[in-house]
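Take a look at the model below.

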Amino acid sequence: MPVHFLTAEQAAQYGRYVGEPSSAQLAQYFFLDDADRAFLRPLRQAETRWGCAVQLGTIRFLGTFVDDATNVPASILTYVAKQLDLTAPPMDIGRYWHGRTHWHHQDAIVRQYHYHAFDAQPWHWRFVRWLYTRAWTAAERPSVLFDQATAYLLDQKILLPGVSTLTRLVAQVRDRTQARLWRRLAAMPDAAQRDQLASWLQAPAPGRPTPLDDLRHPPTRISRTGFREAAERLNILQTVHSERWDLHALPTARIQALARLAATARAQTVERLTPERRVATLVAFAAVFHQTAQDDFFELFDRFLGEHWGRATRQQAQSRLRTLRDLDTAAQVCREACAILLQEGTPDARIRDAVWAKIPKATLQTAVATINQVTQSAAASDEQHAVAAVYPILRPVMTWWRQHLVWEATPAGKAALERWDFVRRYWGEPRSRWQTAPTTGLPVAWRAVIRDEKGRIHPAAYTVWAVYSAWEALRRHDLYHPGSPRFGDPRAQLLQGPAWDAAKPHVLRILSWSAEPAEALAPLEQALDIAYRQTAGHWDANPAVRLESGVLRPRVVLTPLDRLEESATLRALRQQVNDRLPQPTLPELLLEVQQWTGFAEAFTHVSEGGDRIQDLALSVCAVLLTQACNIGLNPVVNPNVPALARDRLTWIAQNYVRADTLAAANATLVDYHGQLPLAQQWGSGEVASADGMRFVVPVRTLHAGSNPKYFGMGRGVTYYNFVSDQFSGFHALVGAGTLRDSLVVLEGLLEQTSGLHPHEIMTDTAGYSDLIFGLFGLLGYQFSPRLADLGDARFWRIATDADYGVLNDLARARIRVDLIQRHWEDMLRVAGSLKWGTVNATALIQTLQRGGRPTVLGRAIGELGRIYKTRYLLAYLDDEGYRRRILTQLNRGEARHGLARAVFYGKRGELHQAYREGQEDQLSALGLVVNAMVLWNTRYMGVTVDALREEGVAIDETDLSRLSPLGHDHITMLGQYSFHVPESVAQGRLRPLTRPTRR
């Protein structure tokens, strides 16, 4: 039973003051209201009233009383004394603690304020029940569960027990829930299924991988071989028949954690587990990875068809371009012949002779043949070319598609599903069987290709059309696989029925919406009207904007922003700060930041074990550095240091560094950085930008896409990261190829777990749409894209009779308020589902957009988005400061990308990860290391600024706000990596600033 999951520092801080409380904490826990003063009034001496009040605030703040009076911060003593009309603390707090008076006060506080002893019933039983339920449903590491338990005790006014008592109870409860989960999972398979699962751990021959090793990884080839491998993997997982197991009553998070252990640990490690735990782990793996393998097959289908269909389209266009020169030459020959034919002076009998004299007959015949060939080729439709190019590629893989491409359909996708099911059933049958194929929704362009002159259906053409329509429906989520996280039905994941009824009041309160649409829209209509009138009133005085005549409506022309010049004082301050910064190596920097923040404590073993291993932080920092710098383990391996031995680092990388631990560690850095005074000078954390970095992926992989602009002839991924106005990166997503910003930015906002809560997001133009503005507005966010061209932007109004002066011709389009009102309930349900995390934002957006043909609900949300978009456009035109804020924040994101490029220097900056998880983990490690560098720079820059002020240097606040913590010239990232810090730093002190050389 692991009970040593807390570090010595965490255990020492339990139930004690750690540093000075903030002003907000003083006000929340140590403010004395009338009831508190009435409780203190019977105490005759001011000293005892003061001491009792300090204890009252202490139990509220810590959940217990302190034994050591010297642990109480001076700010608390002073704050309480002032409330009791004492000019200063009346005595040494230690004198109050000496004797029995403070014990009597503690008893009185417990009785008066209804606190309960830890072992008092029924409160102890309720706490254990809550703790068991929490441990059963959430796959949280022991330290997190310990913190949650402490918060519960504080909230329920249960006095904190000793640290060893609570750690033992947490460990016991976790052990009980784990044993229960293992027991229930192990009882699900029958004898044949157990034998099948056990066979996955046996290698077919010495030195060969086990079946479990093969089942962990998805295919990497977008080809026939890839489909064969994907089908074989899926077939093996299907032989266990995991769909027969009823897992609905078991916590999903715990099952996924067990599956992650099987997916990460060596097969020999899984085999050494106790029999019950081993079977439970394999059952969880089979259940989770059956769906994962199915999704991987769907993704392979999507990537395969997208790649080959796009190639066929490009080849057709290139073929057409290649014939243009021949067509031009032939047309010139015919033009010359026609010119002779049209000459009036040439007798009709001599026409042929005149033509042959200038143009040989063979040349003219060749020209006519060329024109005939080219025009016949051009007359062939795109669909005919698609059938000719794509069908030969489909035939070799159709056997696997028929077996594994099994979907369900929404009403909008039923026709596509009927076509695909027909192809699955009659593939390879005689042509006569295809004449009953369903043709509902057959487009005119396809009709001439699928049916011949007698109206008979051509199987090959019908197959291509059925596959193409199924592919489009899958991308719109009109075809889906139940339970799939990537290819499921987002509509089924929306809150509905009793769940929505229970959540609705909370959604309305959190998002500040009214259930009545007219009441909810009234403030928006008023705000839109004010924005129009304000912009119109400032128009003549705004030299940056003007209207020009357009074809359908006036066009807005906006003058680009001038470059913001740097003052001499800013350049001098930047130089002074840079000259004084210490010059650490990157390993030293990571260890120093770890000492400040303890971010390495977020890295726990994949098995959820709670015991801490010696020098874990050192090993974690070494692994993070190798991944962030893209250099492999060799440069950091040191056989003489156990924590840096190769086997140890490999074990740490496999078992500790993963998506959830990286996210938790990054959140620790972001939260620490946000509390630094200099970071708060740069921003409040309420504004953020989102942009993508591109990485070439030279290895064979399914999770990479092509884009010649960014990846040349190769393929790559986009690392889409979110940067706060404090320069910290608080979340990131990885996508194959290039991503549309507007599709993923909302998903990233809703998923992030840091302490920052940005409400305004700035992006590049990113193909923004009315729907995106509507969803952002529903959720209380401001979407602020940087616009490259406003000329074609449409401005919308609600009040048709309002006079907006110069903007009247611009604001002709009317918002359909009636559509919003009819669907207001469903729009709130969408917002609540997104906020509650029951549905993936990107998948929902794709469903609502339906490939450019939005659903009725999508159109209603788009109408709401037109209100927000128009208000944004008016502010963008009217306020130069707003435009500059957007530009400044986006520049911060791009500068951070530059720092990330400098860190990720190994292997030519290319990402050599074949699997999605590996890509996400390595780029998340890069983001974490960049955040560590930003935090280190920010803290030392703050110390430098304080030192300059002490020397009498006048510093302008405006100049301070324009400093950046993204410099890296003073940080050594190349050379020999030594994970050793100076003794003074190891003791918790900061490095001395560099003494600047005289200039």
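## Basis

This is a predicted model, in which local features need pLDDT of at least 70, side-chain atom pairs count only at pLDDT 80 or more, and totals for chains, interfaces and linings use all residues. Residues are numbered from 1 along each chain as its sequence is written, and side-chain values use heavy atoms, with hydrogens and water left out.

Helices (H or I, at least four residues) are DSSP runs, numbered from the N terminus.

## Helices 27 and 30

The axes of helix 27 (residues 586-597) and helix 30 (residues 659-674) come within 11 Å. They cross at roughly 75 degrees. Axes are lines fitted to C-alpha atoms, over the stretch in contact, and angles run from 0 to 180 degrees between N-to-C directions. That makes helix 27 roughly perpendicular to helix 30 (65 to 115 degrees).

V593, W596 and T597 of helix 27 make the contact (heavy atoms within 4.5 Å) with T668, L669 and Y672 of helix 30.

## Helices 26 and 40

Helix 26 (residues 568-580) and helix 40 (residues 916-950) have axes that come within 9 Å and cross at roughly 115 degrees. These two helices are therefore roughly perpendicular to each other. From helix 26, L573, Q576, V577 and R580 meet M941, T944, V945 and L948 of helix 40.

## Loop residues

The peptide bond from Q121 to P122 is cis, with omega near 5 degrees. P122 sits in the loop between helix 7 (101-112) and helix 8 (123-137).

K157 is not a glycine, yet has a positive phi of about 60 degrees. K157 lies in the loop between helix 9 (142-155) and helix 10 (163-186). H241, also not a glycine, has a positive phi near 60 degrees. Its loop runs between helix 13 (224-238) and helix 14 (252-264).

Notes
Parallel < 35°, antiparallel > 145°, perpendicular 65-115°, else oblique.
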